Amino acid sequence: MCARHDIAALIANATGEVLPPPRDDVHPETRALYAHQRVLRDALRFTRPLIPPDTSNPVARSVALLANAWGALFDGEPLPDLNDLAPFPPELRVTGLALRSLASPDDAVSLARRASRMAASEEVLFGEYLANIALARARRRSGSPYLAVRILRALRGVVPPLFRAMIECELRLAGDPTAQPPRHDIAFKELTRELSLHHAYTDPAHPHADAFTSGAAPEIPLGFRAPSRDPRSLAYVIAGHGAAPRRVLGSADIHAFAVNVSSPRVERALAVLALSGAIELDQLFTETYGFPRKGHDEVARDLLHRARKELGARGEITREGSLITLTLTGPVALRDPRCESDLNNRVLTYIAQREGRALAKEVARALKVPLRTVQRTLGELVEQGSCAREADGRRVEYLVEDTTFHAPTLHRLRFS
């Protein structure tokens, strides 16, 4: 097996534009690991890696297998069997686990956690970068985009330029407002698909329609978030803009024509009405309150009265029998509380976007929630293990970290 100083040379080599030719006196397994670094470099540049021609030893054959696996990932095809990598150097095993996580919709989190821990224990620096990008992706897709933002922002400060294009893509999908625009030459089929979908979910004029944009289902797909600095506004209904009304993820450019509604119930009713244009009063009432209108006629009349008042000159709500119709005078963006995450997620998202730490009063001020409510929520999150509490005298900060990721990255990884 090659010595650790050879691995250090491989790490240094991977950051350069020019790869030195392998010397004749280099051990065959070390030469194979040079080839692995070239495969990794090409993949992170969104270039399909070439299959290394040398298969003269088991390590070299494993590197060729990994190059084939990257190609399958690029094409959105099933990966080849990577279980046979177990006897080989940790550099290869970590990459294999990370690839399986990137390609897997089911056990992506557990595979990425294994890859991250193996890379940390074996001191495989570049493997740890890759594994933690896979972990961030898995966290987002499993419904924890705040953990993805925390991981990726921390990685951003320690990785060499080679990894940054992939990090920026994942930050964008997780809704980080600081994410750079994605490149146009991305070869990963699934990543390209997700970036395209994310654009469809954030662009009010995009023709894409599915259960989320049509309003049929409130669940936000794939853990997507929009690049908004307001963690309360996850989704808006856009209407009156010359196209069919649709729901989109909330982003900064929507706020220019947002309607600020004081009552969550009225806000919900207006979102339902704006998506449909016209709706039966019984259905509007049930979707707003969650129970049938029968016996609540006065409540229904009050709801319509308050909705008209909140809408003001932006439109008109009329009733003909049981049919309620909304006619708008111009474009509006109505926050849809049906998609709003619970307070726990909003608190965690805010802390993650504050570099993983914040005071309770900062959270309360940003989310416009009473301080006592935020303190109670943070206490519950600490008990659950979702965040940590760190006291310095009378100053108490709350920290959001991924249990697999935070210790090695913040305290050990530093590229220089």
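Q: Which backbone nitrogen does the side chain of Thr213 reach?
A: The side chain of Thr213 reaches the backbone nitrogen of Asp210 at 2.8 Å, and that falls under polar contacts, meaning N or O atoms within 3.5 Å, where within protein one atom must be able to donate a hydrogen and the other to accept it, and residues adjacent in sequence count only if both atoms are side-chain atoms. The model is predicted, with local features needing pLDDT of at least 70 and side-chain atom pairs counting only at pLDDT 80 or more, while totals for chains, interfaces and linings use all residues. Residues are numbered from 1 along each chain as its sequence is written, and side-chain values use heavy atoms, with hydrogens and water left out.

Q: OK, and where does Thr213 lie?
A: Thr213 lies in helix H10, residues 211-214; helices (H or I, at least four residues) and strands (E, at least two) are DSSP runs, numbered from the N terminus.

Q: Is Thr213 buried or exposed?
A: Thr213 counts as buried because its relative accessibility is 1%, where buried means under 20% relative accessible area, exposed over 50% and partly exposed in between (1.4 Å probe, protein chains only).

Q: What does Thr213 touch, then?
A: Leaving out residues up to four places away in sequence, Thr213 touches Tyr201, His208, Arg246, Arg247 and Leu275, with contact meaning heavy atoms within 4.5 Å.

Q: Let's switch to rings: how many aromatic pairs are there?
A: Rings of Phe, Tyr and Trp (its six-membered ring) pair if their centres lie within 6.5 Å, and planes under 30 degrees apart count as stacked, over 60 as edge-to-face and the rest as tilted. By this rule there are 11 aromatic pairs. One of them is Phe74 with Phe188, whose ring centres are 4.5 Å apart and whose planes stand at 75 degrees, so the pair is edge-to-face.

Q: Where do Phe74 and Phe188 sit in the chain?
A: Phe74 is in helix H3 (residues 58-75), and Phe188 is in the loop between helix H8 (164-173) and helix H9 (189-202), so the pair links distant parts of the chain, 114 residues apart. Both Phe74 and Phe188 are buried.

Q: And how are the rings of Tyr201 and Phe212 arranged?
A: The rings of Tyr201 and Phe212 are edge-to-face, because their planes are at 85 degrees, with the centres 5.5 Å apart. Tyr201 belongs to helix H9 and Phe212 to helix H10, 11 residues apart, and Tyr201 and Phe212 are both buried.

Q: What sits over the ring of Phe212?
A: The charged end of Arg247 does, 5.1 Å from the ring centre, where the rule asks for NZ of Lys or CZ of Arg within 6 Å of the ring centre and within 35 degrees of the ring normal.

Q: New topic: how many residues of helix H14 are buried?
A: Nine of the 11 residues of H14 (residues 343-353) are buried, which leaves the helix mostly covered. What covers those buried residues includes helix H7 (145-156), strand E7 (357-359), helix H15 (360-367), helix H16 (371-384) and strand E9 (395-399).

Q: What about Lys368, which phi does that have, and where does it lie?
A: Lys368 has a positive phi of about 55 degrees although it is not a glycine, and Lys368 lies in the loop between H15 and H16. Lys368 counts as exposed because its relative accessibility is 64%.
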